[in-house]
Amino acid sequence: EQMNAEVLARLKVEGIAEPQLLDLGCGLGATLRSFARRLPQAWLLGITRVPWQVEKARTLNHAAGCGERVRVIEGDYEETVLPSASYDGVYALESSCHAHGADKGALLAEAHRLLRPGGRFIVADGFLARDRFANALQQSIYRKLCECWVIEQLAQLDRFKARLEEIGFTDIIIEHLQMRVAPSVAHIPWVTLKFLLTDVLFGKGKMTRARWNNVIAPVLLPLVSAPLGPMTYCMITVTKR
């Protein structure tokens with residue numbers, strides 16, 4: 001929830017009467033509902049490629065009383081059918097990693113197209129601060145991590161920034177938040193253990209491949225993250241001219 005607040009603060013839409021915001025890779029729409037509570041006049045749209053997430057998000061939006069202002073649709077966030085220059089703010093919260101390429105160029109170009117002039121685009125995600133790993137074992141761990149989280153590759157920070165500039169974004173601000181998110185990352189194994197005990201061992205839940213991947217990935221993460229590896233966590237804010 002604090003991350004949601006940080007993203008919203010950087011979008012700077014307070015002076016807009018009815019801001020239009022777009023979540024690229026919204027999942028179940030938790031951030032959209034958070035924004036709906038904070039911005040009662042905003043119109044919010046989220047895109048996900050997962051059909052069941054659309055239905056679940058709609059149910060959650062209705063239960064939260066924001067179904068009229070918050071919509072979630074199925075689509076490809078690298079090539080949407082949405083009209084150009086339609087949104088005051090666009091963001092990708094831990095979803096840009098699933099886009100293609102080391103610079104995530106298609107996603108960045110689409111965000112630029114969808115933004116109105118003066119609008120802001122926020123990305124919060126893991127990046128590779130350098131493209132070299134300490135050894136072959138660490139590189140193998142990184143590939144396994146990507147496999148668990150269904151990621152082609154994390155963005156290389158320097159190439160990501162260069163593509164932002166090439167597309168035409170300005171006022172590029174890169175914040176390194178590795179240590180600020182570390183406590184939450186450290187909390188993941190305890191949440192995972194609680195799930196295994198309550199839902200699987202003493203409950204009726206079953207361990208699917210996806211759930212095993214979400215157990216394995218947090219264990220691997222510290223082995224490829226700073227200071228041991230090249231992975232870091234950043235929040236990047238840019239403006240469309």
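Predicted model: local features only at pLDDT ≥ 70, side-chain atom pairs only at ≥ 80, totals over all residues.
Two packed helices are described by the angle between their axes and the distance between the axes. Here, helix α4 (residues 105–114) and helix α6 (residues 157–167) have axes that come within 10 Å and cross at roughly 35°. The crossing of α4 past α6 is right-handed. On the α4 side, the contact is made by Gly-105, Leu-108, Ala-109 and His-112, and α6 contributes Phe-160, Arg-163, Leu-164 and Ile-167. Sorted by class, this contact of α4 with α6 has 5 nonpolar, 2 polar and 1 charged residues.

Arg-163 is partly exposed, at 25% relative accessible area, while Glu-166 is exposed, at 62%.

Now turn to the other charged pairs: the model has 12 salt bridges in total. Side chains of opposite charge can pair when their charged atoms come close. In helix α1 (residues 2–11), Arg-10 and Glu-6 are 4 residues apart, so about one helical turn separates them. Their side chains meet in a salt bridge at 2.8 Å, N to O, and both residues are buried. Arg-10 counts as buried because its relative accessibility is 15%, under the 20% cut-off.

Arg-10 also meets Glu-175 in a salt bridge, at 2.7 Å, N to O. This pair links distant parts of the chain, since Glu-175 lies in strand β7 (residues 169–176) and Arg-10 in helix α1, 165 residues apart.

Terms used:
Residues numbered from 1 in each chain as written. Heavy atoms only, no water. Axes fitted to C-alpha atoms, helices over the stretch in contact; angles between N-to-C directions. Helix = DSSP H or I, 4+ residues; strand = E, 2+ residues; numbered from the N terminus. Left-handed = near helix turned anticlockwise from the far one by under 90°. Contact = heavy atoms within 4.5 Å. Nonpolar A, V, L, I, M, F, W, Y, C, P; charged D, E, K, R; others polar. Salt bridge = Lys/Arg side-chain N within 4 Å of Asp/Glu carboxyl O. Buried < 20%, exposed > 50% of the residue type's maximum accessible area, 1.4 Å probe, protein only.
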